[in-house]
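Dear colleague,

I am passing on to you the structure discussed below. Please find the sequence and the coordinates here, followed by my notes.

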Amino acid sequence: MAQLKKKKKNNAMNRFSTPATQSATQASPEKEDNEGGQSMTQEMENIETAIEASQKVVVSREKEIGEEAEKPTGPVGLDIGTSHIVMSQNKGKTIHTVKQLNAFFTVPYSKFTKKILIENDITFLEKHNQFYILGYSAENFANMFNTNTRRTMEKGLLSSKEDEGINVLQAIIDTLITRPDKTNEVLCFSLPGEPIDGLNSVIYHESILKMYLNSLGYRAISINEGLATIMAELSNDNFTGIGISMGGGMCNICLSYLSVPVVSFSLQKGGDYIDSMVGASVGEPATKIKTIKEGSLNLTRPPKDRVETALDIYYVDLVSNLLNTLEKIMKTSDKIPKIAKPIPIVLSGGTVLPTGFKELFEKTLKKVDLPLEISDIRLAEDPLNTTAKGAMVMALSEEI
Ligand SMILES: Nc1ncnc2c1ncn2[C@@H]1O[C@H](COP(=O)(O)OP(=O)(O)OP(=O)(O)O)[C@@H](O)[C@H]1O
Ligand SMILES: [Mg+2]
């Protein structure tokens with residue numbers, strides 16, 4: 001048994017220095033030349049640590065209002081999602097994640113308001129005669145004013161609608177992490193695949209985030225969000241399979257062979273799309289639909305009212321769209337490896353949480369004809385923290 005495990009580890013190890021970590025491999029060529037075998041040994045040790053981390057349990061919590069940002073003392077994973085930003089660190093026998101809402105709310109400037117905000121430990125950014133209230137605090141304000149929070153990101157990428165979106169996103173990241181203890185500490189952050197259904201590209205989004213994280217003193221490396229799902233969940237399958245992260249703004253899909261992303265793309269539709277389409281269909285605000293969806297949606301039982309009917313319809317629509325696109329992309333790709341064994345599909349992200357989602361996915365999968373055989377469909381252990389865990393696993397493997 002131990003032997004088998006070791007063999008598996010070695011398999012995965014060999015593949016880690018392939019394009020999956022290209023940027024890091026390119027970033028340190030001198031190290032190998034100068035230190036020769038020693039740096040190779042170090043790299044292998046890091047990869048062992050990363051594989052061990054992928055088998056650890058995640059302990060998660062939400063950032064508390066007024067709580068200070070952490071100073072990381074080791075590699076960091078960062079899931080920068082449309083709805084949430086999740087930071088992860090490897091601590092002893094578990095991986096710890098801390099989550100912040102990726103949202104803000106503005107109130108006009110006044111000295112009085114400033115005093116009240118400070119006294120109540122509310123995190124804010126002061127700009128252009130306004131206070132930008134950040135993260136979970138923003139949600140409380142929006143509820144009090146009976147309106148919605150605003151977002152720094154839309155459909156998985158920096159929002160083009162918000163002038164201060166970048167500064168606010170940076171300030172929200174600052175509520176989770178400070179500059180690291182060690183200069184050039186590795187930080188892996190999640191990056192969507194190129195959107196298949198829009199004119200957007202991830203290049204601008206990636207560059208802005210990388211520049212900012214590097215300026216904080218990190219060595220920032222992006223990891224595809226679908227691949228992060230695989231790094232977090234498929235260590236026992238040699239990191240081979242299809243990882244699908246279905247979040248608020250988008251769905252990210254990655255086919256990985258031995259940890260190497262072979263095909264990856266994103267659909268700019270996710271939970272927000274379901275909320276707004278259902279809302280428009282039944283004449284209710286999207287926020288109300290979101291509350292119903294998160295609170296009580298059960299896709300296994302017949303819908304009991306108009307909202308549930310519409311939720312069912314748009315869940316079916318999203319999953320069909322995703323699988324039809326996956327079929328088309330895989331069938332037209334010349335990169336699909338010949339894999340002897342059927343491969344698993346693993347699902348993560350908040351949109352996979354309703355009861356019956358896995359069954360809906362299995363049913364829809366039967367209607368498409370993928371050019372690779374699928375062994376089984378799995379839900380990630382902790383769907384809201386999977387991307388952050390996968391980013392953490394990658395960060396550990398990249399440590400110098
Ligand atoms: N119990 C639940 N049932 C259904 N949907 C849920 C549930 N909990 C959260 N969600 C939905 O999950 C989405 C948020 O998921 P997640 O935090 O994974 O997204 P994200 O990573 O921030 O976004 P993205 O990856 O798309 O940029 C929201 O649309 C939210 O409504
Ligand atoms: Mg996500």
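This is a predicted model: local features need pLDDT of at least 70, side-chain atom pairs count only at pLDDT 80 or more; totals for chains, interfaces and linings use all residues.

I begin with Glu225, which is found in helix H9, spanning residues 225-233. Glu225 has 33 C-beta neighbours inside 10 Å and therefore counts as buried, the threshold being 20 or more. Leaving aside residues up to four places away in sequence, Glu225 touches Ser190, Leu191, Pro192, Ser245, Asn252 and Thr387. Pro261 lies 36 residues from Glu225 along the chain, and their C-alpha atoms are separated by 11 Å.

Helix H9 also packs against helix H14 (residues 386-397), at an angle of about 80° and with the axes 7 Å apart. H9 is therefore roughly perpendicular to H14. On the H9 side, the contact is made by Glu225, Ala228, Thr229, Ile230, Met231, Ala232 and Glu233; H14 contributes Thr386, Thr387, Lys389, Gly390, Ala391, Val393 and Met394. By class, this contact of H9 with H14 comprises seven nonpolar, four polar and three charged residues.

Turning to ligand 1, 23 residues surround it, the closest being Gly81, Ser83, Gly247, Gly271 and Gly350. The shell around ligand 1 consists of 14 polar, five nonpolar and four charged residues. Helix H10 (271-282) and helix H11 (286-296) each supply at least two residues of that shell, and H11 gives the most, with three residues.

With kind regards

How values were computed:
Residues are numbered from 1 along each chain as its sequence is written. Chains are lettered from A and ligands numbered from 1 in the order in which they are written. Helices (H or I, at least four residues) and strands (E, at least two) are DSSP runs, numbered from the N terminus. A residue is buried if 20 or more other C-beta atoms lie within 10 Å of its own, exposed if 12 or fewer, and partly exposed in between; C-beta atoms are placed from the backbone. Two residues are in contact if their C-beta atoms, placed from the backbone, lie within 7 Å. A residue is near a molecule or strand if its C-beta atom, placed from the backbone, lies within 6 Å of it. Ala, Val, Leu, Ile, Met, Phe, Trp, Tyr, Cys and Pro count as nonpolar, Asp, Glu, Lys and Arg as charged, and the others, Gly among them, as polar. Axes are lines fitted to C-alpha atoms, for helices over the stretch in contact, and angles run from 0 to 180 degrees between N-to-C directions. Angles under 35 degrees count as roughly parallel, over 145 as roughly antiparallel, 65 to 115 as roughly perpendicular and the rest as oblique.
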